[in-house]
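Here is a short briefing on one protein chain. Look at the structure first, then read the points below.

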Amino acid sequence: MAPVSIVNVTVLQKPVSIPGLMCPFISIQIVATGICGTDDHVLKGSFPNMDYPVIPGHEGAGIVESIGEGVTCVKPVIPLCLPQCGECSSCLNPDTNCCLKTHLYESQNLMPDKTSRFTCKGKQIHHFLWISTFSEYTVMPDSAIARIDDDAPLDKVCLFGCGFSTGYGAAINTAKVKPGSTCAIFGLGGVGLSVVIGCKAAGASRIIGIDINKDKFTKARDLGATECINPQDFKKPIQEVLVEMMGHGVDYSFEVIGRVDTMAAALASCHLSSGTCVMVGAPPLGSQISFDPMLLFTGRTWKGSFIGGWKTKDSIPKLVSGYMEKKFNPDVLITHTLPFDKINEGFELLHSGKSIRTILLY
Ligand code: COD
Ligand code: ZN
Ligand code: ZN
């Protein structure tokens with residue numbers, strides 16, 4: 001993989017007014033941004049329809065730098081990698097958070113008005129998830145910005161832009177983990193550990209962490225995992241190991257890696273009739289999954305979870321307020337803090353498995 005190059009990018013900060021388009025844009029100065037596994041997927045070319053060159057980054061916190069007509073949002077803010085327009089049928093439906101006016105349905109590499117606001121040496125650079133937080137100055141639609149507490153420490157609460165909210169919400173909102181239940185979490189990166197935090201908060205009695213890197217186990221146990229296992233220590237497939245351990249499989253399983261083999265294993269690991277499997281990781285570009293349909297026929301539930309099921313603009317500020325009230329503490333996920341120009345070191349730490357979350361400061 002080529003190293004990330006640090007270049008001076010020019011950002012067009014003035015809102016561009018497109019006749020008939022009711023979507024104001026806001027320029028944000030990013031103060032801190034985390035490196036998430038998804039940014040690494042961008043560098044590896046794992047996403048469909050991604051246009052390069054692109055500025056990744058989606059776990060940031062910043063301050064409002066300038067505002068457009070009709071925008072009342074003021075600083076400080078968290079950019080939302082899943083916007084919430086508040087008006088579409090998904091936004092009006094209490095059971096989903098996948099807003100229809102987002103990059104899920106149109107290019108994520110251009111702003112909704114089909115422009116790019118970044119150039120480098122005269123060449124157009126693309127946006128990522130409409131927020132591109134690996135840029136000190138960035139532009140995003142109003143629907144992709146959440147106003148947060150004035151006193152929130154931006155070098156910590158940037159984690160609410162993705163990792164913590166995604167994992168915690170997968171347990172609390174999507175799975176709706178019940179007290180006394182059993183859970184298995186495949187993948188103990190920043191997002192998987194946030195699932196562990198959510199399962200513990202929900203009162204699960206057994207929380208099994210699964211990872212091929214046993215260095216992740218200490219932190220997983222500190223956060224509430226009751227057992228940790230490495231699939232490479234067993235001759236049998238991990239789903240058979242889990243079913244044997246639990247009698248009939250776990251009540252809830254979570255795939256937080258983004259691999260089809262572990263997605264199928266997570267499904268087979270949950271209870272044959274009452275088990276729920278939640279897919280948090282995104283499958284690789286163009287992948288297909290094959291599984292025995294009997295796994296679902298007997299009653300298992302298989303669900304996806306994007307940004308923890310949160311309606312982001314409404315919920316992220318509340319999560320940050322909960323953090324300020326010390327209701328939960330994702331700070332423990334931050335293993336490294338580096339100046340932004342050491343971004344390549346941050347990715348090396350991720351690849352070597354030494355970091356959970358590296359926060360980059362501008
Ligand atoms: N078996 C068990 N564990 C494994 C295996 C395996 N075969 N392969 C890798 N792992 C472990 C790694 O050792 C690591 O500990 C963990 O899985 C992955 O962690 P990270 O640190 O690389 O990644 P996270 O936690 O930052 O992100 C994980 C996601 C699954 C969320 C991410 O990779 C992803 O798929 N994102 C896309 C989904 C999405 O859009 N989510 C919301 C925005 S990120
Ligand atoms: Zn919407
Ligand atoms: Zn992420």
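In α10, the buried residues are Thr312, Ser315, Ile316, Pro317, Leu319, Val320, Gly322 and Tyr323. Buried means under 20% relative accessible area, with exposed over 50% and partly exposed in between (1.4 Å probe, protein chains only). This is a predicted model: local features need pLDDT of at least 70, side-chain atom pairs count only at pLDDT 80 or more, and totals for chains, interfaces and linings use all residues. Residues are numbered from 1 along each chain as its sequence is written, chains are lettered from A and ligands numbered from 1 in the order written, and side-chain values use heavy atoms, without hydrogens and water.

**Helix α10**
- Helices (H or I, at least four residues) and strands (E, at least two) are DSSP runs, numbered from the N terminus.
- α10 has 13 residues and spans 18 Å from its first C-alpha to its last.
- That is close to the 18 Å expected at 1.5 Å a residue, where the expected span is 1.5 Å times one less than the number of residues.
- The cover over its buried residues includes β4 (77-79), β8 (145-147), α3 and α4.
- After α10 comes lysine 326, with a positive phi near 60 degrees.

**Nonpolar cores**
- A nonpolar core is a set of buried Ala, Val, Leu, Ile, Met, Phe, Trp, Tyr and Cys residues joined through side-chain atoms within 4.5 Å.
- The largest has 50 residues; Val157, Phe160, Val177, Ile185, Cys199 and Phe254 touch the most other members.
- α5 gives the most to this core, six residues.
- Domain 1 (6-161 + 329-361) and domain 2 (167-305) both contribute, so this core lies between them; the bounds come from an automatic or database domain assignment.

Notes
Contact means heavy atoms within 4.5 Å.
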